[in-house]
Every structure is written in C-alpha cells, then in structure tokens.
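Keep the coordinates open while reading.

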Amino acid sequence: MKKILIVDDSATIREQVKAAFASKADYQIVEAENGVDALAKLAANTDVRLLISDINMPEMDGITLIKHVSENASFKAIPIVMLTTEVSADLKTQAKNYGVKAWIVKPFTPEKLVMAADQLTK
C-alpha cells in the first residue's frame, strides 16, 4: 500500500485528489489542511511515500512546508508534487531547490496526477 499525504486547505481539492486515486487499490490517502497539520501527519505516518501539496494555505504555506520536509532527515526522501494555482517561475525554482519533483497546475486532470504518483512511487 502506497500512502500519499495530500496537503490543501480546500476540502474540495482534497476530495478531488481522493477521487483521482479511488480506482487505485494500492494507494491510501492521508489528508492535511495546512503545513503545520502536514508535519504532524508526517510524524504520525512514517510510511508516507508521496507528498502532494498546495502552496497558498493558512498557518504554514506549501513552500515553508517543503523547506521543513527537505531539512528533516526522516522526511527528505519523500517525493513532493506541488498541486497549485501558482505559475510563478520564482516559486517553481524555489520549490525545485527544495526537491520538488513535479508541478501540477489547478485545475488538474486526475490522470496526470495519478501518472505522476505512479512514476514517483515506483
């Protein structure tokens, strides 16, 4: 079972991501509403195989989250996909420097997200 942590302050987006993986029996979704919540969920779920995160969230944004993830020896090997409305080249560069493997712009196609997950969790 491949565990994915989806981090987004929008319950609708989290539901859309869960729906994208609904037909994939080998995936389990864990949800977090922001970066603070995500760090707690990562600590409690040491078997997370993929992190999918938004950027614009309250309490802790996605860039700050991935910075923390990249600096933590327990988490830094987890592949990261940004799922966001942001298209800024500066943000993409910053994210890449923190180890982000893919950048998917909302609205997203479920097939593209699942394909990225399949490739990053082999």
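The side chains of Asp-118 and Lys-24 form a salt bridge, with an N to O distance of 3.2 Å. The model is a predicted one. Asp-118 sits in helix 5, and Lys-24 in the loop between helix 1 and strand 2, so the pair ties together parts 94 residues apart in sequence.

The cut-off for buried is under 20%.

## Other salt bridges

The structure holds 10 salt bridges. One of them joins the side chains of Lys-106 and Asp-8 at 2.7 Å, N to O. Lys-106 belongs to the loop between strand 5 and helix 5, and Asp-8 to the loop between strand 1 and helix 1 (11-21), so this pair links parts 98 residues apart in sequence. Both Lys-106 and Asp-8 are buried.

Another salt bridge, between the side chains of Glu-15 and Lys-18, spans 3.1 Å, N to O. These two are three residues apart in helix 1, so about one helical turn separates them. An α-helix has 3.6 residues a turn, so residues three or four places apart point the same way. Glu-15 is partly exposed at 44% relative accessibility. Lys-18 is partly exposed too, at 28%. Salt bridges with shared partners join Arg-14, Glu-15, Lys-18 and Glu-31 into one network.

Which residues of helix 5 are buried? They are Leu-113, Val-114, Ala-116 and Ala-117. Viewed down the helix axis, these buried residues fall within an arc of 160°, so they line one face of helix 5. Glu-111 and Gln-119, on the other side of the helix, are exposed.

The cover over the buried residues of helix 5 comes from several elements. It includes strand 1, helix 1, strand 2, strand 3, strand 4 and strand 5.

## Thr-121, after the helix

Thr-121 lies in the segment that follows helix 5 (110-120). Its relative accessibility is 2%, so Thr-121 counts as buried.

What does the side chain of Thr-121 meet? One of its polar atoms lies 2.7 Å from the backbone oxygen of Ala-117. Its side chain also makes a polar contact of 3.4 Å with the side chain of Lys-2. Leaving aside residues up to four places away in sequence, Thr-121 touches Lys-2, Tyr-27, Arg-49 and Leu-50.

## Nonpolar cores

In soluble globular proteins, nonpolar side chains tend to be buried together. Here the largest nonpolar core has 24 residues. The members touching the most other members are Leu-5, Val-7, Leu-42, Leu-51, Leu-65, Val-69 and Met-82. At least two residues of this core come from each of strand 1 (2-7), strand 2 (27-32), helix 2 (35-44), strand 3 (48-53), helix 3 (62-71), strand 4 (80-84), helix 4 (89-97) and strand 5 (100-105). Helix 3 supplies the largest share, four residues.

Definitions and conventions. Residues are numbered from 1 along each chain as its sequence is written. This is a predicted model: local features need pLDDT of at least 70, side-chain atom pairs count only at pLDDT 80 or more; totals for chains, interfaces and linings use all residues. Side-chain values use heavy atoms; hydrogens and water are left out. Buried means under 20% relative accessible area, exposed over 50%, partly exposed in between (1.4 Å probe, protein chains only). A polar contact is a pair of N or O atoms within 3.5 Å; within protein, one must be able to donate a hydrogen and the other to accept it, and residues adjacent in sequence count only if both atoms are side-chain atoms. Contact means heavy atoms within 4.5 Å. A nonpolar core is a set of buried Ala, Val, Leu, Ile, Met, Phe, Trp, Tyr and Cys residues joined through side-chain atoms within 4.5 Å. A salt bridge is a side-chain nitrogen of Lys or Arg within 4 Å of a carboxyl oxygen of Asp or Glu. The arc is that of the directions from the helix axis to the C-beta atoms.
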